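Here are my notes on the model you asked me to look over.

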Amino acid sequence: MFRFGGNGLGFDLSYGLLEAFYWLIWIITSLIFVRAIISWVPQLIQSHVGRFIVALTEPVLAPVRHLLALIPFTRRLPVDFSPIAAWILLMIIQRIIVLLYSLFH
């Protein structure tokens, strides 16, 4: 682990990275939730804010959507389950980060 600063003002770099990843995942999951809600209103999803949210979440949702397409019965469903699957995967990753922090801190 790396320490910066001195005189009690230092911080643990590994903790900072874990905390940054934790909050990044929180932001992404929140944006996925907002995207799912605004997808029900075409005017919102096509607005500037909607397109911005789509641009931020699509790099996470596209691979999950591709993996779900490999499961035969999900191809016939009229609903896109990639936000739910991505949310679950991100929550698992977030829990692993919390576990890693508790193990090494």
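1. **Ground rules.** This is a predicted model, in which local features need pLDDT of at least 70 and side-chain atom pairs count only at pLDDT 80 or more, while totals for chains, interfaces and linings use all residues. Residues are numbered from 1 along each chain as its sequence is written, and side-chain values use heavy atoms, with hydrogens and water left out.

2. **Confidence.** The predictor's confidence in each residue is given as pLDDT, on a scale from 0 to 100. For the protein chain the mean is 85, and 85% of the residues reach 70 or more. Helices (H or I, at least four residues) and strands (E, at least two) are DSSP runs, numbered from the N terminus.

3. **The start of the chain.** Residues 1-11 have pLDDT below 50, and beyond near neighbours in sequence this stretch has twelve contacts in the model. A contact means heavy atoms within 4.5 Å.

4. **Helix α3.** This helix bends by about 55 degrees at Glu58, and a proline, Pro59, follows within four residues. The bend at a residue is the angle between axes fitted to the seven residues ending there and the seven starting there. Buried residues in α3 include Gly50, Ile53, Thr57, Leu61, Val64 and Leu68. Here buried means under 20% relative accessible area, exposed means over 50%, and partly exposed lies in between (1.4 Å probe, protein chains only).

5. **Aromatic side chains.** Rings of Phe, Tyr and Trp (its six-membered ring) pair if their centres lie within 6.5 Å; planes under 30 degrees apart count as stacked, over 60 as edge-to-face and the rest as tilted. There are two aromatic pairs by this rule. Tyr22 and Trp23 make an edge-to-face pair, at 5.4 Å centre to centre with 85 degrees between the planes. The ring centres of Trp23 and Trp26 are 5.7 Å apart and their planes lie at 70 degrees, so this pair is edge-to-face. Trp23 and Trp26 are separated by about one helical turn because they sit three residues apart in helix α1 (residues 13-38). Tyr22, Trp23 and Trp26 form one aromatic cluster. Are its members buried or partly exposed? Tyr22 is partly exposed at 24% relative accessibility, Trp23 is partly exposed at 42%, and Trp26 is partly exposed at 43%.

6. **Salt bridges.** How many salt bridges does the structure hold? It has three, where a salt bridge is a side-chain nitrogen of Lys or Arg within 4 Å of a carboxyl oxygen of Asp or Glu. Glu58, where α3 bends, pairs with Arg35, with the closest N and O atoms 2.9 Å apart. That pair links distant parts of the chain, since Glu58 is in helix α3 and Arg35 in helix α1, 23 residues apart. Arg35 is buried at 14% relative accessible area, whereas Glu58 is partly exposed at 25%.

7. Arg65 forms another with Asp80, where the closest N and O atoms are 3.2 Å apart. Asp80 lies in the loop between α4 (72-75) and α5 (82-104) and Arg65 in helix α3, so the pair ties together parts 15 residues apart in sequence. Through shared partners, salt bridges join Arg35, Glu58, Arg65 and Asp80 into one network.

8. **Nonpolar core.** A nonpolar core is a set of buried Ala, Val, Leu, Ile, Met, Phe, Trp, Tyr and Cys residues joined through side-chain atoms within 4.5 Å. The largest one has ten residues, among them Ile32, Leu61, Ala86 and Leu90. Helices α1, α3 and α5 each supply at least two of its residues, and α5 gives the largest share, four residues.

9. **Ile32 and Leu61.** Ile32 is in helix α1 and is buried, with a relative accessible area of 3%. Not counting residues up to four places away in sequence, Ile32 touches Thr57, Val60, Leu61, Pro83, Ala86 and Leu90. With the same exclusion of residues up to four places away, the contacts of Leu61 include Ile32, Arg35 and Ala86.
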